[in-house]
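Subject: Handover of a structure and findings

Dear colleague,

Please find below the structure that I am handing over to you. My findings follow it.

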Amino acid sequence: MYDDTPLSPEELATGRLVWPPYIVGGTSTGTITEAQARQIRNNYGANLSMIDHWFGTLLDELDAQGLWDSTAVIVCTDHGHYLGERGFWGKPQVPVHPELGHIPLLISWPGVTPTTSHALTTTVDLHATLCDAFGVTAEHRTHGQSLVPLLEGRVQRVRDWALCGVWGREVH
């Protein structure tokens, strides 16, 4: 499914890269070769294909058990990864660009017809959403906004702004 061109003996001698180094430059500085860059991207694609397969198996089971009317499914991640875009690899110490900070959020909510929303959300909203869904009041201060009103179509947005950053570094 992915390019399986083998690495040269010289490239293999430096080690097979299964995860991108966290660097600026990469191929332009010679830290990784074009073949290693291709290998990293292929491994990343293969990992996504594996996730897609097993997540599909889970969704098939929700179908088989007829659980969609009583089950919420939330798919999200904490950040993206640079795979050579802008010359960046991994998560180097650079400002957060869309490849790293614009992450997917897919939610299937019982009783709600699938749609697309362009509302601004953040990962901290997931905690608030789950608390709201289960009628739980958080015992500590949080910055999240429940997405339940957005999911149920009662509002068009839950926030006007959001902050993004890397722990211990810059905030955007």
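A residue is called buried under 20% relative accessible area, exposed over 50%, and partly exposed in between, with a 1.4 Å probe and protein chains only. By that scale, Arg 154 is exposed at 54% relative accessibility.

The model is predicted, so local features need pLDDT of at least 70 and side-chain atom pairs count only at pLDDT 80 or more, while totals for chains, interfaces and linings use all residues. Residues are numbered from 1 along each chain as its sequence is written, and side-chain values use heavy atoms, with hydrogens and water left out.

Salt bridges

The structure holds four salt bridges, a salt bridge being a side-chain nitrogen of Lys or Arg within 4 Å of a carboxyl oxygen of Asp or Glu. Side chains of opposite charge can pair when their charged atoms come close.

Helices (H or I, at least four residues) and strands (E, at least two) are DSSP runs, numbered from the N terminus. Arg 159 is buried, with a relative accessible area of 13%, and Asp 125 is buried at 0%.

Glu 152 is partly exposed, with a relative accessible area of 43%. A further salt bridge links the side chains of Asp 160 and Arg 157, at 2.8 Å from N to O; Asp 160 and Arg 157 are both exposed.

In α4, the buried residues are Asp 125, Leu 126, Ala 128, Thr 129 and Cys 131. What covers them includes β2 (73-76), β5 and α5. Just after α4, Gly 135 takes a positive phi of about 65°.

Thr 122 is found in the loop between β5 and α4 (124-133). It is buried, with a relative accessible area of 19%. Leaving aside residues up to four places away in sequence, Thr 122 is in contact (heavy atoms within 4.5 Å) with Arg 159 and Ala 162.

Nonpolar cores

A nonpolar core is a set of buried Ala, Val, Leu, Ile, Met, Phe, Trp, Tyr and Cys residues joined through side-chain atoms within 4.5 Å. The largest has eight residues: Trp 109, Ala 119, Leu 126, Leu 147, Val 148, Leu 150, Leu 151 and Val 158. Helix α5 (residues 148-151) gives the most to this core, with three residues. A second, separate core has six residues, among them Ile 23, Ile 40, Leu 83 and Trp 89.

Leu 126 touches Ile 74, Cys 76, Leu 105 and Leu 147, not counting residues up to four places away in sequence.

The three-stranded sheet

An open sheet of three strands runs in the order β1-β4-β3, with antiparallel pairing. β1 (23-24) and β3 (82-83) stand at the edges with a single partner strand each, so one side of each is left without a neighbour in the sheet. Two strands count as paired if DSSP finds at least two bridges between them. β3 pairs with β4 (residues 88-90) in the antiparallel sense over two bridges, and Leu 83 has Trp 89 in β4 as its bridge partner.

Arg 86 lies in the loop between β3 and β4. Its phi is near 60°, a positive value in a residue other than glycine. Arg 86 is partly exposed, at 47% relative accessibility.

Ile 103 and its contacts

Ile 103 is placed in the loop between α3 (98-101) and β5 (105-108) and is partly exposed at 22% relative accessibility. Not counting residues up to four places away in sequence, Ile 103 touches Cys 76, Thr 77, Asp 78, His 79, Gly 80 and Thr 123. Ile 103 and Glu 11 are 92 residues apart in sequence and 32 Å apart in space, C-alpha to C-alpha.

Yours sincerely
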